[in-house]
Amino acid sequence: MEDNLKYCTSSLELNLFFLRIMKEHALFLEAGFTKANGDFAQQAECFKEEFEILLNCTINLSQGMIRSNVLNSGEIVTEFTLNAERQTMCLTGIDIDTDITQKEYQLYPHQELSQCCDIVSQISQLNQAVLALLEQFIQFKETIIANVESCAMFTMNYPLLLEHILREAKLYHCYLCNYEIGVNDDIQTMKEIEIFWNQIMMEHALFIRGLLDPTEADLIRISNHFVKEYQELLECAAMKSDLAIVNGECNPYDETKKLKEFKTAGTKGILSCEIRSIIVPLLADHVLREANHYLRLLEE
């Protein structure tokens, strides 16, 4: 019973977070292609739609099954998500199923979780469907990277961003594979978690810096500060033992809290059209949710 409970909650929480991330990756890819690669844009649209279907299934299974700290973390949706989706649809012409977001706002946390045994098979089917789609999506991303690096394709997305979203998809796939073979315990040490997410946070700062208008000097300077801080945290974590990490050395919590505040202000500024940039509104909310996710992992 306890193993089933952990399998259910771990799977659903992971899928709620990462399926939204994946469907947004597909949207960012679609928005970044030019007319010359309309077929790739269409494939990205198909991936987005498939991830939306699976996310909708996850939400239907998640009511009363999710821990309150996950629901309250801001990693699933934030106060800005719905508005960011609506603005992004208007600006890009790409459809987004906002009913999914409305349903996520209505999720409530678990109570006794007595119903877990009744949905184990449904969650396993969901995980298998996600894994199959993820494998195709990973291959799609790898094809794009190969094309870009061989100068066979132009996209508005940085090559580093393409590698960035590929790493996230592979991490998601790794976690789900382990859940499906019965490994419900943590598959990453705290050191590995910190190194992975410190790298993600540093790259977020790089992307923000590169997508801001050159006249936004103060925001560019702040972005540079975060790049430098996370570089130092990465170097520190790489040199420390797992025990040293657990004992709080190289602690990225305070820096990630500051980055979250910066991203929150940035999301507000982009949604209110007060910041000059080429940042899609949903991308601002996307990177904020990833910071919230990392903070929750650090708090746990």
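Which element gives the most to the lining of the second largest pocket?

Hello, and thanks for coming. What you see above is a predicted model. Along the principal axes, the C-alpha atoms fill a box of roughly 55 × 45 × 40 Å.

Buried residues make up 54% of the 300. As for contacts with a separation of 6 or more, 83% are between residues 24 or more positions apart.

Now, back to my question. The answer is helix 1, with 4 residues in that lining. The second largest pocket holds about 330 Å³ of space. Among the residues that line it are Leu 27, Phe 28, Tyr 158 and Leu 283. Sorted by class, the lining has 10 nonpolar residues, 2 polar ones and no charged ones.

Let's stay with helix 1, which covers residues 2-32, and look at Arg 20 within it. Is Arg 20 buried or exposed? Arg 20 counts as buried, because its relative accessibility is 0%, and the cut-off for buried is under 20%. Leaving out residues up to four places away in sequence, Arg 20 touches several others, including Asn 15, Leu 55, Glu 85, Glu 104 and Arg 289.

Technical notes. Residues are numbered from 1 along each chain as its sequence is written. This is a predicted model: local features need pLDDT of at least 70, side-chain atom pairs count only at pLDDT 80 or more; totals for chains, interfaces and linings use all residues. Side-chain values use heavy atoms; hydrogens and water are left out. Helices (H or I, at least four residues) and strands (E, at least two) are DSSP runs, numbered from the N terminus. Buried means under 20% relative accessible area, exposed over 50%, partly exposed in between (1.4 Å probe, protein chains only). Contact means heavy atoms within 4.5 Å. On a 1 Å grid over the protein atoms alone, a cavity is a set of points where a 1.4 Å probe fits but cannot get out, and a pocket is an open set with protein on both sides within 12 Å along at least five of seven lines; lining residues have an atom within 4 Å of a point. Grid points are joined across faces, edges and corners, and a volume is the space filled by probe spheres set on the points. Ala, Val, Leu, Ile, Met, Phe, Trp, Tyr, Cys and Pro count as nonpolar, Asp, Glu, Lys and Arg as charged, and the others, Gly among them, as polar.
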